[in-house]
Every structure is written in structure tokens, then in C-alpha cells.
Amino acid sequence: MTSFHPGLRRAAMTAAVPINVFIAIIANFSAAQAQISGFAPGAYVANGGPGISNDTLTITAAQTTAQAKTLWFRTKQGVAQFDTSFFYQVTARSTTGGDANGFTLTLQNQSLTARGGTGGYLAIASPAITPSVSFQFNINGGSTVGVGVNGTLSTPTNTNTATGVNLDSGNPILVRLQYDASVNPTLVTETLTDQTTGRSFTTTFNLPDSLATLLGAPTAYVGFTGSTGSRNATQQISWFRFGPRGDPNFLGMNIRVPSGAHSPDEFITVRNLGLGSYRPGATRKYEIDQPLFDRALAVGLTPCPVISPRVEGALAVETGQTPKTLGNNSNFPAWYAAWRTYCQDVMTRNKGKIFYYIVDNEPDKDQNNLTQFYRWDHAVQFTRIAYQVAKQVDPRIQIECPPVSRSKVEYLHEMLQGGIANYCDYIGLHMYNDQIDERYFTTQNIAAPWIWMSEGNAPLFKPLSCSENGVNAGAAPAGAIPRQWSADWLNLNYLQLKRYGYSHSILFDWSGAAQSGDVNWGLCVDPNTRALLQPTYSEIQDHLRVSPFNNGGFESATDIKRGPWVVYHSSADALPPAESTWIEPHFADPNAKSGAYSALFRVGANSLTSTNPNVENRMFLRQVAQHLTPGATYTLSAWTRWTGSQQGLLRAEGFDPLDGDAVAEAVAEPPVGAANQWRKLSVTIRPSTTSMVISLYTRATGVPGDVVYFDDVQLVQTAPAAVPAAPAAFGAYPGDGEVHLRWTPVPGATGYRIYRSDNGAPFVPILAATGSPYTDPTVTAGGSYGYVVRAFNGAGESAASSTQSVVAGNGLPDLEVTNATAVTAVPTGGGAPVTTFTVRITNTGDAWTPPGTVLGLIVLENEQLKPVAVNEAFNTPLAPGAYVDLVARWTAPSGDHTVTVKANRVKRQDNGLEIPRITESDGSNNSRTITFRVP
């Protein structure tokens with residue numbers, strides 16, 4: 001699998017702020033506005049000679065004085081709402097003095113030939129371009145930003161603060177501007193992110209009026225101006241996107257890259273990329289198709305490829321053997337060495353081009369064929385090698401661990417227990433069709449990865465990536481219109497991923513129907529009832545209309561399948577049929593709390609019923625609230641009343657991307673006195689991401705005729721973001737050519753900056769991380785290092801954590817069973833005798849055990865695994881020379897027994913294989929034999 005993302009902003013993969021779900025919800029089916037995407041020469045009018053080459057605009061050039069240049073997109077754009085981004089970089093310097101002068105992003109309604117003066121006028125003033133609003137970036141004598149109206153020069157705001165961004169540094173700077181008149185008609189938010197240092201600077205501009213009023217129309221020409229005077233600089237702008245504001249980190253979907261003209265709206269199945277799953281005897285393999293990738297990069301796409309240790313060609317070149325041969329010969333050192341060479345080749349060759357790699361693909365589906373030589377512990381090691389190489393080649397590269405075929409797969413559980421969170425930036429998995437349905441808790445639990453990451457006394461959290469996500473219309477339930485069901489699925493899928501705090505998602509063309517020309521997972525809808533939308537990237541992005549919160553009083557009639565409110569029933573299929581029979585989010589209510597409408601839930605006999613005993617039967621009305629300020633405090637409230645035994649409940653969900661199972665819930669107490677009284681529900685949350693899910697719900701049980709009403713839902717920011725507290729419980733543990741860092745997540749933090757001191761030198765930032773843990777693989781064995789970590793959000797950066805000093809190791813841990821006893825006793829109160837095994841595990845190796853690795857036991861008798869209750873909760877790093885005593889209990893039958901207890905092993909019931917949890921230097925000393933008698 002390889003995915004190309006025409007709208008991916010590179011900061012989404014390199015900046016410190018946790019990434020939001022990269023997927024779309026269709027909340028409005030109005031006519032799409034053509035977005036600006038890149039610098040196609042014919043799409044612009046150039047004045048004064050700015051240059052365009054390879055999707056990059058050179059707005060001014062060094063060694064040339066008195067320049068004044070402008071570039072305008074030929075088609076006017078809507079100005080009521082936009083989310084625009086581009087990269088800015090000073091690539092060549094003035095020969096004398098400082099660099100000059102700067103540039104602007106300008107919206108104007110003068111003409112396509114508008115151009116101002118040179119020098120400090122930034123080609124926007126003298127003569128003034130009017131009417132215009134210009135966002136100004138100045139590098140003359142500093143690094144400042146501002147906004148000007150009708151050619152006025154702004155009052156400068158310094159961006160080069162102690163933790164800010166220097167526009168004149170020569171580093172690529174991601175610039176992002178956001179505006180939504182429906183939220184605040186005079187407020188514009190600007191964020192600068194240095195792609196080299198990871199530092200960011202955010203400010204807001206208060207306009208004298210709305211953009212439409214200032215520009216005299218709801219549309220305007222959009223473009224850039226730039227100038228020099230006696231001093232100069234080469235200023236380049238690339239990756240320019242301008243369009244309606246939507247989900248701020250929308251990623252897109254896998255698309256094909258034609259050899260000729262490129263359209264970002266084209267997409268097709270992964271088969272066109274020449275990739276497939278390796279199985280013994282197969283000829284297809286996962287590897288980089290470099291010409292294809294180069295073509296993708298040339299047309300402005302950001303590829304996120306799968307690379308796999310099951311690449312026959314690459315491994316055969318290095319070792320002369322196939323993966324199957326290597327595995328069956330247990331020649332893992334050669335396999336690992338070949339994989340390291342392959343990663344170094346691919347990542348070095350694509351340095352600065354590819355910032356996200358997915359290691360392997362659905363290894364859980366191949367384990368029946370490959371289990372003898374490609375187990376989950378091998379997957380951890382392969383991911384570790386890819387992670388080490390990535391951070392050494394370019395610290396900005398992000399690694400997704402091998403994604404499993406669905407959210408609840410034991411293979412993922414085993415990788416997490418084996419500490420894979422130490423060696424990746426994202427935990428990967430895939431979800432299709434009804435796998436998004438939370439009612440299948442026994443087989444498809446969306447929250448399972450969060451539950452597994454929180455196990456033990458030292459949880460390891462990493463963001464979740466759903467790197468394949470889609471729907472096959474053929475999976476529609478009986479009686480549904482397949483393509484209509486597919487379109488409806490998209491909205492519920494978006495809600496579910498937001499609700500469970502998934503970091504990002506790649507919409508994937510899975511059905512293979514492209515071979516017949518059909519639309520695959522399908523954004524289209526029933527043409528008999530709604531306009532037909534083509535399933536293109538632009539259609540999805542252009543129709544993404546997510547606001548902080550809307551229609552809280554239910555006064556607007558909306559399509560309940562598409563929003564802003566979306567319905568969900570815990571006992572239905574992926575989308576319940578005829579849901580208007582049990583929820584009406586625009587019910588004419590003579591007793592509404594305010595206005596004339598409320599939301600109505602019918603419970604009892606009129607509701608759908610659950611046949612799954614593992615899930616409580618509920619009905620939901622949900623909405624995604626976007627554009628929140630991480631670290632700020634919000635109060636979510638709603639009013640509810642009910643006529644029978646079922647009451648209304650309110651939830652805030654998905655507000656913490658590193659604890660996707662977190663909820664804040666309010667339940668109204670039954671009214672005192674007269675029945676059917678309005679009661680207020682209220683919860684307070686502090687999100688650590690820019691979005692959350694609002695859920696109004698009730699239990700779908702009760703007396704026939706029972707009704708629950710909701711009205712006047714509000715989401716209000718009640719306190720600004722505060723600088724987060726310093727990270728606590730910070731620890732640093734040396735490993736094999738790496739140092740593991742971990743700390744307690746800080747409420748309200750959106751990211752963390754790690755500072756390192758090399759051999760007593762001053763502390764310098766080495767990387768921004770989304771959360772704990774973080775493994776630094778760029779150390780030298782024997783070197784002395786100091787570390788501190790600071791949390792940050794939009795309000796600033798915290799104080800430093802405690803300082804941790806380590807000497808980088810060059811060896812492996814070795815878990816040895818140094819003592820084992822068995823004591824049999826009758827439990828207090830009677831019953832069968834229970835044998836308690838106490839097993840001491842000592843780390844006799846040269847390195848700490850990786851943080852988060854579960855140190856467990858297995859108990860065998862005659863090579864048969866015994867069903868013991870074992871303490872597997874210990875996942876604190878174990879230092880060389882340290883030990884831990886673990887306890888296992890077994891109710892054994894009467895008689896004499898000889899058992900073997902083993903550490904650092906898990907024995908699979910399905911095939912009998914014993915698998916090590918971690919790599920150690922000596923695997924022969926972690927077992928003991930015990931003989932005992934049960935009376």
C-alpha cells in the first residue's frame with residue numbers, strides 16, 4: 001500500500017502538534033468552490049517578473065535591487081471562510097547588510113495587474129492596491145508579521161522570540177492562515193512553524209471589519225506580492241493551498257499518478273502502484289517504485305509509502321536469500337542487516353521528499369503462512385531498525401508501526417506488550433465497513449488499542465493512525481441502497497474516528513471496482529434524491545464544513561445523515577435504517593426550551609433493539625466540534641427532559657488524542673416535582689487537540705411511548721489556554737545504541753520538546769514529540785547525555801522537567817530467572833488448593849529493558865501451557881542488575897507435578913510456538929524447573 005495526499009500539509013507530519021483525523025465529513029452539499037492548489041503557470045497572472053518553476057514561486061531574487069512583483073490567481077475566491085497554507089524560505093542572501101524586504105499574501109479587488117512599489121512597500125503600497133487586505137511578512141532588519149488594509153503598512157509583530165520562528169533563518173517555514181466569518185468576522189489566526197527546529201509561532205489579527213466588507217464583495221483575487229530595495233533576498237513560496245476552511249489536517253486518500261497531466265482528483269486502487277502482499281512463492285512485493293514516487297513529487301503530491309522487510313529483491317541483493325529462506329534458517333542477523341541497508345537506501349534517496357513511512361502491511365493476516373519466521377517480536381525489531389534509520393537520516397521522518405487488519409487483533413496487542421511504542425511515531429491499524437461500529441466490542445473494538453496501551457503501571461501512549469479506511473458498497477446491509485449506504489458511511493466513520501481520538505486516517509480505495517469504472521467506497525449519493533457528487537479529493541475537501549459548533553438549538557432543518565448532527569444506534573448496522581422513526585433533530589416542539597424546535601428521541605417499542613449482549617443498547621445524536629484551542633477550558637451544556645423512565649445524557653468524547661477512550665459525561669437526575677421538566681446537563685473539559693465529539697444520547701429501552709428531548713446545546717470557552725505544567729516522572733533509560741525517554745502526559749499539552757546535552761554541552765532542542773514515550777536513536781555508544789523535556793501548547797512552553805543523565809549503551813538486556821519457588825495452600829474459606837509460584841527475574845545484561853515492555857511468565861507442564869493467573873502488569877524499565885518478583889497462581893489437580901516457569905516468553909495456543917517478548921543477549925537462561933505436590 002502506498003498513499004498519496006494532494007492536500008497533506010507537511011507540517012502535519014513534522015510539527016509538534018498532535019495531528020487530527022485526516023478524513024472528511026460531508027456536512028453541506030452546496031456547490032463546490034474551486035480551490036487554489038499549487039502554482040500552475042497558466043492559472044496565474046504575473047506582474048514584474050516573478051518566476052514559477054516546479055510548483056515553486058520565486059517572488060524576489062537576490063542580487064537584484066528595487067524589485068516589485070505580484071502574482072494573482074485568475075479566478076476570484078470566496079473570502080467568507082478559508083484555510084490557507086504554504087511554505088516560505090529565504091534561499092539566497094543579500095551580499096551586503098541584512099536581507100530585504102519581504103512579501104505579502106494579499107486578497108484584493110483592484111485588478112489582475114495590480115502592483116505596488118519597491119523596497120519596504122512590499123509591492124502592496126505606493127501606489128496602494130485597493131481595496132485589499134494584505135498579510136505581511138517582513139525580513140528587513142528582523143522577522144515580523146502584520147496585516148494591512150488598502151495598502152497600509154502594518155504595525156509589526158516580532159516572530160523571532162526566544163521560542164518563536166525567524167522568517168529569515170533560511171529554514172523552510174510553514175505559514176498557515178485561518179478565517180471563518182461565521183465564527184468571528186474580524187479574527188484571522190496565523191501560525192508559523194519552522195520545519196527544521198519544530199518551533200512554532202501563533203498570533204491573531206483583528207480586522208476593522210469582515211473581509212467581505214473590506215474588499216467590497218464576497219470574492220476576491222488571491223495572490224502574493226514581494227519587493228526589494230537596496231538589499232535583497234531570494235524568497236521562495238511553495239505548496240500553496242487556498243480554499244474553504246475545513247478539518248485542519250485533512251489528509252485525503254490514495255490516488256494514482258498518471259504519467260502525463262496530473263489531476264489531484266484522480267484516484268484508483270492500489271493495484272496501479274504495483275504493490276501487493278508477499279507470501280511464499282508470490283512474485284509481488286512491497287518496495288519503493290522510485291519513478292512513480294518521483295513523478296508524484298514532481299506534481300506536488302506527498303507520498304506516504306509502505307516499506308516492508310518482506311521485500312524479496314532488496315533482501316536477495318544483500319544476502320542472496322529470500323525472507324522465507326532467511327526465516328526458516330533463523331538467520332535473523334542477516335535479515336536485520338539487509339533491512340537496515342534497505343531503509344538507509346530508501347530514506348536517504350528520498351530525504352526531504354518523504355516524511356512518513358509505514359512499516360509493512362497487515363502482518364497479522366500473513367502469520368499463518370509466515371509464523372515460523374515472521375512473528376510479532378520480529379515486527380518490533382524491524383520497526384525499531386526503520387525508526388533508528390529514519391531519525392538518523394532526518395528527524396522529521398515519522399514512522400507508523402506495522403498496521404494490522406483491524407483495531408482489535410491480538411498481533412497488535414503482542415506488539416504493544418513488546419514495547420513497539422518505543423520505536424514508532426504512530427500505532428497503525430486498518431478499518432473497513434462495519435469495523436467502525438462500536439457495538440462489535442468482542443471482535444472489532446475501536447477502543448482496543450487505547451485499552452492495550454493503558455495496561456500496566458506505566459502506560460505507553462502513541463497516537464493512532466488508521467492508514468487504510470474505507471467502505472465497499474457490496475457490504476451494505478440487506479435492503480440498503482449500496483452507494484447511498486457508502487455515502488452515509490463516510491459521515492459515521494468520521495464521527496467514530498474523532499470520537500475514539502484517532503490521529504489521522506487515509507481513505508482507501510478498497511473495493512477494486514475501479515476496474516469496471518464504478519465509484520469505489522463512494523462519496524456519491526442517490527441521484528434520485530440528491531445531487532451526484534464525484535468521489536474526488538477536491539469534492540471531499542470543498543464540502544468539508546465543520547465549525548466550532550452549530551445548530552445547537554435544532555432550529556435548522558438538516559439532513560440527519562450528514563449533519564451537523566449525525567445519528568448512531570449501538571444495535572444497528574453501520575448506519576441504521578429509517579432512523580427518522582426514532583430520532584428527529586428538528587422536531588416542532590411547543591414546549592421547546594427556546595425557539596420552536598428540539599431534538600426528539602423515541603425509546604421503547606418504537607426503537608431498534610440490540611441482539612448483542614455485550615453492548616448496552618443506546619441511541620446517539622453526535623456532532624464534531626472543530627477549531628478548538630488546545631489547552632483552553634470549555635463548558636459543554638445541554639437541556640433535556642423526558643416523559644418516561646429513560647433520561648437524557650450528555651458526553652464530550654475524543655478530546656484527548658493520547659487517551660482516545662476518555663469521556664466526560666453528565667447525567668440529569670430525575671426531576672423533582674412535576675414530570676417532564678427541562679433539566680440542564682453540563683461538563684467541563686480541557687481538550688488537548690483541536691476537536692471533540694458532542695454526544696447526546698439515551699438508552700434505547702423503556703416503556704413504549706417514552707420520549708427524551710434535547711435543546712439548547714452550547715459549547716463555550718470559559719478560560720483561555722494556560723501554559724502547561726512541567727512533565728513529571730521523567731526518566732531516561734539507555735538501550736542498545738539508543739536512549740528511551742518517558743514521562744507522564746501533561747493535561748492541556750499539545751506536544752513536547754526534548755532538549756539534549758551532549759557530553760556536558762549546553763542543552764539544545766533535538767525534536768518535538770507528540771507524547772510519551774520517545775526513543776532517541778541518534779546517540780553514540782559510550783557518550784554521556786543529559787535530557788529535559790518541556791510541554792507546550794498555544795499559550796507557550798512549560799518549565800523543564802527534571803534533568804536525566806545517562807551513558808548510552810551498546811548491548812542488550814538479559815532476563816534471567818534467578819530464583820523460583822512454589823507454595824501450595826488451601827485458600828481462606830476453603831476450596832481447592834492453589835499453588836503460588838514466585839519467580840525472580842533479574843536483568844543480567846548490559847542494557848535496560850525497554851520502557852513499556854511487559855515482563856510476564858508462562859508455566860508449562862509436559863510442554864503444555866497451564867492456565868495460570870499471572871502478574872503481567874510490570875512494565876517499568878528494569879536496570880542492569882535489578883530484579884523483579886512476579887507471581888503466578890494455578891489450581892492444579894492432586895498429585896506430583898513438575899513444571900517449568902519461563903520469563904520473557906509467550907506461548908501461543910494456536911500453534912504452540914514460544915515467542916520472546918524482547919530481544920535479549922542470552923535466551924537460554926530464563927527458565928527454572930519446580931517440583932511440588934498438591935494434596
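Leu860 stands opposite Leu865 in β45. The strand β44 (residues 857–861) is joined to β45 by two bridges, and the two run antiparallel. Two strands count as paired if DSSP finds at least two bridges between them. Helices (H or I, at least four residues) and strands (E, at least two) are DSSP runs, numbered from the N terminus.

This is a predicted model: local features need pLDDT of at least 70, side-chain atom pairs count only at pLDDT 80 or more, and totals for chains, interfaces and linings use all residues. Residues are numbered from 1 along each chain as its sequence is written, and side-chain values use heavy atoms, with hydrogens and water left out.

Now widen the view to the sheet. Four strands form an open sheet in the order β45-β44-β48-β51, with antiparallel pairing. At the edges stand β45 (864–865) and β51 (927–934); each has a single partner strand, so one side of each is left without a neighbour in the sheet. In a regular strand, side chains alternate between the two faces of the sheet.

Turn next to β33. Strand β33 (residues 707–719) pairs with β26 (residues 597–602) in the antiparallel sense, over four bridges. In that pairing, Ala599 stands opposite Phe710 of β33. Strand β28 (residues 633–642) also pairs with β33 in the antiparallel sense, over nine bridges. Here the bridge partner of Thr640 in β33 is Phe710.

Buried means under 20% relative accessible area, exposed over 50%, and partly exposed in between (1.4 Å probe, protein chains only).

Helix α9 is a clear case of burial. Seven of its eight residues are buried, so α9 is largely enclosed by the rest of the structure. The buried ones are Tyr411, Leu412, His413, Glu414, Met415, Leu416 and Gln417. Just after α9, Gly419 takes a positive phi of about 85°.

The whole structure holds five cavities of 30 Å³ or more. A cavity is a set of points, on a 1 Å grid over the protein atoms alone, where a 1.4 Å probe fits but cannot get out; lining residues have an atom within 4 Å of a point. Grid points are joined across faces, edges and corners, and a volume is the space filled by probe spheres set on the points. The largest cavity has a volume of about 110 Å³. Its lining has 13 residues, of which Leu416, Trp452, Met453, Glu455 and Gly852 lie nearest the centre. Two or more lining residues come from each of α9 (410–417) and α10 (448–453). The most come from α9, with three residues.

Last, the cysteines. How many disulfides are there? The count is zero, where a disulfide is a pair of cysteine sulfur atoms within 2.5 Å. For Cys401, the nearest cysteine sulfur is that of Cys424, 4.6 Å away. That distance is too far for a bond. Cys401 is buried, with a relative accessible area of 0%. Cys424 is also buried, at 0% relative accessibility.

Technical notes: 1 Å grid on protein atoms, 1.4 Å probe; cavity = no way out; pocket = protein on both sides within 12 Å on 5 of 7 lines; lining within 4 Å.
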